[in-house]
Amino acid sequence: MNTISNSDLKSDNPALVQKTVYSVLFSIAFAHLINDLLQSVIPSVYPILKENFDLSFTQIGLITFVYQLTASILQPFIGFYTDKKPKPYSLTIAMVFTIFGLALLSYSTHFWMILVSVSLVGVGSSIFHPEASRVAFLGSGGRRGLAQSIFQLGGNSGSAIGPLLVAILVAPYGQSNIIWFVLVGVLGMFLLSKIATWYKNHLNLRASKKISDGENTVPFSKKQIKISIGVLLLLIFSKFFYMSSMSSYFTFYLMKRFGLSIQESQFHLFVFLAAVAAGTLIGGPLGDRFGRKYIIWVSILGAAPFTLLLPYANLFWTGILSVIIGIIIASAFSAILVYAQELMPGKVGMISGLFFGFAFGMGGLGSAILGYLADQTSIEYVYKISSFLPLLGVFTYFLPNVKMKPSGS
């Protein structure tokens, strides 16, 4: 992994503004990896918690809902506030909340303690994402799609690695072994403190040189922008509602339909999430080159044929289809987020908070609704219903083409 060099930390380094600072991008991506790895512990231990506490699918959905609610509701407000008053060291504070949440989860003895622990992790996430997205934006040197893809690659890689580590460190030994993930959180705190130093120095440089973000205005009316943001949020709904069926219930689906063990099902979840991580790197750079609207078309609607086939496939083809779905659907978020940032220049934190928050919220709501539906019907039925969600990608038609290039790039 590239590290933040001493020259990057000097306040008189012009590369901070004019060029893509890859050391910063890869550092914040690795921090995102750690953050999302720790978050992914929550759904990864659902089979263990279900067995230990005799939980229903509805209760599993409620855990996800509480986590996603706290991870989503604060993000737009934090982003709006930090657009005006950036808080570099809030990144380290975010990791403190996550560490305390996981420590409490490892020793939870009642259902309410589980809910409190996941809410602490959610608060950490809500603080982390808006400011971390701004660091990626500032280090992009104008290559915003690439920067956001690198940032998202870190997060999705962490989400993929988390279930694998849970299968190795927690599943064979029990809930209390979650405590080992606190060490990963301490590493995250150290890295984020270094990133915060660069971020602070960068802001001081911009202030002293009176450097703007190089944002242009967009040739669209307020009504067009509002409609476009609404369409983008609908697409986020379709993507993350479907993703919640995979991240929260794919292991249960595999165990129920194909008789796999917890560890075998966790491996399949890891493969799916690894495909998501791989697909993440595609959307941003292709959006920079060909236009983000076209990437959004392909990444949402393009996944539909494969999601519709998944509930009827055998185990071998389920694995193949999950990889294809993961790669295609993962390319959407970077393109959607940067598209929205270009629609509303100068509001990086608010837009990042809104879209990350809405994504988490839809994931949580989806998990709760699908969990209740699984209790009332079956886990197989859930996958048949959710397979239609990517068809909402047809609404991409209503998005205008946005082709912008910052003046400072």
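Confidence and fold

A: This is a predicted model, and the protein averages a pLDDT (the predictor's confidence in each residue, from 0 to 100) of 83, with 91% of the residues scoring at least 70. Local features need pLDDT of at least 70 and side-chain atom pairs count only at pLDDT 80 or more, while totals for chains, interfaces and linings use all residues. Residues are numbered from 1 along each chain as its sequence is written, and side-chain values use heavy atoms, with hydrogens and water left out.

Q: Where is pLDDT under 50?
A: Over residues 5–17, a stretch with 27 contacts (heavy atoms within 4.5 Å) beyond four places in sequence in the model. Residues 404–409 are also below 50, with 15 contacts beyond near neighbours in sequence. Where pLDDT is low, the predicted coordinates should not be read in detail.

Q: How many helices and strands does the protein have?
A: There are 18 helices and 0 strands; these are DSSP runs numbered from the N terminus, with helices being H or I of at least four residues and strands E of at least two. The radius of gyration, taken over C-alpha atoms, is 20 Å, close to the 22 Å that the globule rule (2.2 Å times the number of residues to the power 0.38) gives for 409 residues, so the protein is as compact as a globular protein of that length.

Q: Which residues touch the most other members of the largest nonpolar core?
A: Ile28, Leu232, Ile296, Phe355 and Tyr383, out of 114 residues in that core. Helix 11 (residues 222–258) gives the most to this core, with 17 residues. A nonpolar core is a set of buried Ala, Val, Leu, Ile, Met, Phe, Trp, Tyr and Cys residues joined through side-chain atoms within 4.5 Å.

Q: What does Tyr383 contact, leaving aside its neighbours within four places in sequence?
A: Its partners are Ser245, Met246, Tyr249, Phe250, Tyr253, Leu310 and Pro311.

Q: And which residues of helix 18 are buried?
A: In helix 18 (residues 379–386), these are Ile379, Val382, Tyr383 and Ser386, where buried means under 20% relative accessible area with a 1.4 Å probe, protein chains only. They lie on the same side of helix 18 because they cover an arc of only 95 degrees around the axis, taken from the directions from the helix axis to the C-beta atoms. Helix 11 and helix 17 (348–376) are among what covers them.

Q: Changing topic: is Thr82 buried or exposed?
A: Thr82 is buried, with a relative accessible area of 2%.

Q: Which side chains make a polar contact with the side chain of Thr82?
A: Those of Glu131 (3.4 Å) and Arg134 (3.0 Å). A polar contact is a pair of N or O atoms within 3.5 Å; within protein, one must be able to donate a hydrogen and the other to accept it, and residues adjacent in sequence count only if both atoms are side-chain atoms.

Note on methods: Buried means under 20% relative accessible area, exposed over 50%, partly exposed in between (1.4 Å probe, protein chains only).
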